[in-house]
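User: I'd like to learn how to read a few features of a structure. Could you walk me through them, starting with the domains?
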Amino acid sequence: MSEKRKLIFIVNPAAKNGFSLRIWKKLSMQLKDIPYEVYFTEKTRDGTEIAKSLAMKHSHPLLIVAVGGDGTIHEVINGIMHFPHVTIAYIPAGSGNDFARGFGMPQDPKKSIEYIKELIDSHETLFDAGVYTTNQGVNGIFVNSVGAGFDALISMKGNQSKVKKWLNSISLGKLAYTYYIVKELFRYQPTTLTLEVDGETKKFEKTWFVTVSNQQYFGGGMKIAPHADPQDGEFNITVVHRLSKIKLLFIFVSVFWGGHLKYKEVVSFNGREISIDFDQPVRVHADGEDIAETPFYVKISPKSWGLIQKAE
Ligand SMILES: Nc1ncnc2c1ncn2[C@@H]1O[C@H](COP(=O)(O)OP(=O)(O)OP(=O)(O)O)[C@@H](O)[C@H]1O
């Protein structure tokens with residue numbers, strides 16, 4: 001690289017009930033010897049707006065470091081796509097941290113600041129992203145996964161939940177999802193899923209959910225797509241269908257180590273362009289953030305954004 005990168009942090013002070021702000025205050029003490037700028041998000045979508053306005057304002061290389069959870073890195077990446085002079089780094093300070101897991105990065109914020117300082121001007125690694133579009137005109141980028149059905153309902157309930165906030169305060173935020181899975185399991189009605197995957201139509205009756213993954217993890221450490229690789233130019237798609245509520249619970253537990261793929265009710269395959277529709281509209285999430293209802297369409301955008309990354 002000929003020109004040095006300008007270092008900018010975007011901090012979500014509210015991630016994991018304020019843990020993110022506390023960790024930022026500690027880490028910023030280690031930055032006294034290098035120049036940087038810092039911006040704090042105040043509400044939903046600020047991460048995208050701040051990142052985009054910085055990318056448009058500066059023409060020289062930038063390293064934008066997102067400090068927060070999966071929602072924060074999701075917003076920041078949505079702001080910088082199509083700006084090749086911007087590279088991303090990440091300090092995990094949320095409750096789920098699937099991004100750090102899935103992209104092979106340290107989950108300890110202290111280790112992240114060390115390597116960001118060390119590698120600020122080193123080569124970035126290029127990764128794939130997904131582009132989603134809904135019939136309601138909602139569109140954007142995802143880097144972890146999008147999903148429709150039961151999982152999207154759970155992530156929406158979890159994000160809005162007072163239970164999650166309380167559990168976060170005792171470092172057990174992940175348990176909130178388990179709580180909602182058990183609660184919603186008895187109400188949810190699986191319906192027929194129609195997928196069009198690279199031109200081929202596939203139908204699945206009584207589908208609980210479909211996940212389109214760019215990397216392996218979702219839901220705070222569940223290995224939903226053990227075969228997903230964020231550099232292979234393809235998504236890994238997982239469909240869970242035609243199974244009883246009790247068996248869904250068993251399968252759910254096995255997702256933590258990726259053991260669910262051995263069940264016949266769990267189908268997994270790869271694809272690059274996918275249309276997703278259910279007989280009844282169901283919720284859709286992108287990187288764990290509730291975005292819309294089905295139907296929607298996703299397309300892979302290969303090697304489209306750069307990350308400063310040091311494997312743990
Ligand atoms: N100052 C703020 N106050 C309240 N919410 C905010 C603020 N800034 C950003 N947000 C919103 O906070 C939400 C949650 O952020 P994030 O996902 O990073 O943390 P988390 O939920 O603790 O972690 P994870 O998603 O990894 O479980 C995002 O949807 C974001 O838009």
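Analyst: Domain bounds here come from an automatic or database domain assignment. With those bounds, the protein chain splits into domain 1 (6–123) and domain 2 (131–301), and their centres, taken over C-alpha atoms, are 26 Å apart. Keep in mind that this is a predicted model: local features need pLDDT of at least 70, side-chain atom pairs count only at pLDDT 80 or more, and totals for chains, interfaces and linings use all residues. Residues are numbered from 1 along each chain as its sequence is written.

User: How many residues of domain 1 and domain 2 are in contact?
Analyst: Two residues are in contact if their C-beta atoms, placed from the backbone, lie within 7 Å. By that rule, 15 residues of domain 1 meet 21 residues of domain 2.

User: And which elements give two or more residues to the domain 1 side?
Analyst: Helices (H or I, at least four residues) and strands (E, at least two) are DSSP runs, numbered from the N terminus. On the side of domain 1 that touches domain 2, those elements are H3 and helix H4 (98–102). H3 gives the largest share, five residues.

User: What surrounds the ligand?
Analyst: A residue is near a molecule if its C-beta atom, placed from the backbone, lies within 6 Å of it. The ligand has 22 residues around it, and the closest are Ala 15, Gly 69, Gly 71, Gly 94 and Gly 96. Helix H3 (residues 70–80) turns up again, giving the most to this shell with four residues. By class, the shell holds three nonpolar, 12 polar and seven charged residues.

User: At what angle do H2 and H3 pack?
Analyst: Axes are lines fitted to C-alpha atoms, for helices over the stretch in contact, and angles run from 0 to 180 degrees between N-to-C directions. Helix H2 (residues 46–57) packs against H3 at about 35°, with 7 Å between the axes. Residues making the contact include Ile 50 and Ala 51 of H2, and Val 76 and Ile 80 of H3. The contact divides into five nonpolar, five polar and three charged residues.

User: Where is His 82, and what is its phi?
Analyst: His 82 is in the loop between H3 and strand S4 (86–92). Its phi is positive, about 75°, although His 82 is not a glycine.

User: Why does His 82 count as exposed?
Analyst: A residue is buried if 20 or more other C-beta atoms lie within 10 Å of its own, exposed if 12 or fewer, and partly exposed in between, with C-beta atoms placed from the backbone. His 82 is exposed because it has 12 other C-beta atoms within 10 Å. Lys 206, in strand S9 (residues 200–213), has 14 C-beta neighbours inside 10 Å, so it counts as partly exposed. Lys 206 has a positive phi too, near 45°.

User: Which residues does a cis peptide bond join?
Analyst: Look at Thr 294 and Pro 295, where omega is about 5°. Pro 295 sits in the loop between strand S16 (289–293) and strand S17 (296–307).

How values were computed: Ala, Val, Leu, Ile, Met, Phe, Trp, Tyr, Cys and Pro count as nonpolar, Asp, Glu, Lys and Arg as charged, and the others, Gly among them, as polar.
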